[in-house]
Amino acid sequence: MPATSPELLDRLALLFAARDRENMGPTIDAFLAVLAEHPDDPHVLYEVGGSYDTAGEEETAAGYYERALEVGLEGDTRRKCLLQYGSTLRNLDRFDKSLAVLARARDAFPESESVRVWHALSLHAAGRSDAAVAELMELAADRIRTPDLLRYEAGLRGNAEYLRELDANIRHESRL
């Protein structure tokens with residue numbers, strides 16, 4: 001599949017910038033018109049999904065996110081799509097699938113703070129609060145590099161590991 005042209009990316013960016021989060025109908029219509037012209041473009045599919053997501057139509061959004069990923073969305077837009085798709089699945093109470101999508105995002109984009117935060121949110125929603133807090137503690141240890149927090153880095157990491165072990169033990173016991 002050919003790459004999305006710079007002109008089309010600019011067109012999508014203009015439509016995105018003009019959106020009214022309180023009234024997404026015109027934005028959805030505008031993105032659907034572009035989709036009619038470019039039915040297999042991953043960036044267009046992603047933006048259609050995002051507009052439905054913002055409108056609170058998560059079920060519809062999920063299908064567009066899936067399709068965008070299937071047809072080869074790449075780069076930072078792939079990261080955003082995986083994050084938003086995982087979040088949408090969480091909102092639809094599909095926690096296992098949400099965590100699987102966000103794990104894919106973590107594997108592909110290990111330096112992304114936003115993916116790690118949304119992964120923690122999905123862990124929490126799935127009833128795995130120990131793992132969620134561990135994720136956030138590790139993120140703090142990795143990214144908040146102040147003298148105050150660095151003093152306690154070993155403690156942060158040790159407590160995060162302890163919480164991960166608690167989560168793993170609970171999950172193991174629930175399968176028995």
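How many helices and how many strands does the protein chain have? In this predicted model, the protein chain has 10 helices and zero strands.

**Figure 1. Overall fold of the protein chain, with the pattern α-α-α-α-α-α-α-α-α-α along the sequence.** The C-alpha atoms of the protein chain fill a box of roughly 55 × 45 × 35 Å when this is taken along the principal axes. Of the 176 residues in the protein chain, 38% are buried, and the accessible surface comes to about 9700 Å², with 53% of that area belonging to carbon and sulfur atoms. Where contacts in the protein chain link residues at least 6 apart in sequence, 49% of them join residues at least 24 apart.

**Figure 2. Close-up of the crossing between helix 3 and helix 5, which is left-handed.** The axes of helix 3 (residues 42-54) and helix 5 (residues 75-91) come within 11 Å and cross at roughly 35°. Helix 3 contributes His43, Tyr46, Gly50 and Asp53 to the contact, while helix 5 contributes Thr77, Lys80, Cys81, Gln84 and Thr88.

**Figure 3. Close-up of a nonpolar surface patch made by Val117, Trp118, Leu121 and Leu136.** The patch covers about 300 Å², and helix 7 (residues 113-125) gives the most to it, with three residues.

Figure 4. Val117 counts as partly exposed because its relative accessibility is 32%, a value that lies between the limits of under 20% for buried residues and over 50% for exposed ones.

Notes: Residues numbered from 1 in each chain as written. Predicted model: local features only at pLDDT ≥ 70, side-chain atom pairs only at ≥ 80, totals over all residues. Heavy atoms only, no water. Patch = residues over 30% accessible without salt bridge, like charges linked within 9 Å, V, L, I, M, F, W, Y side chains within 5 Å. Areas by Shrake-Rupley, 256 points an atom, 1.4 Å probe, with all protein chains shown as cover. Salt bridge = Lys/Arg side-chain N within 4 Å of Asp/Glu carboxyl O. Helix = DSSP H or I, 4+ residues; strand = E, 2+ residues; numbered from the N terminus. Buried < 20%, exposed > 50% of the residue type's maximum accessible area, 1.4 Å probe, protein only. Axes fitted to C-alpha atoms, helices over the stretch in contact; angles between N-to-C directions. Left-handed = near helix turned anticlockwise from the far one by under 90°. Contact = heavy atoms within 4.5 Å.
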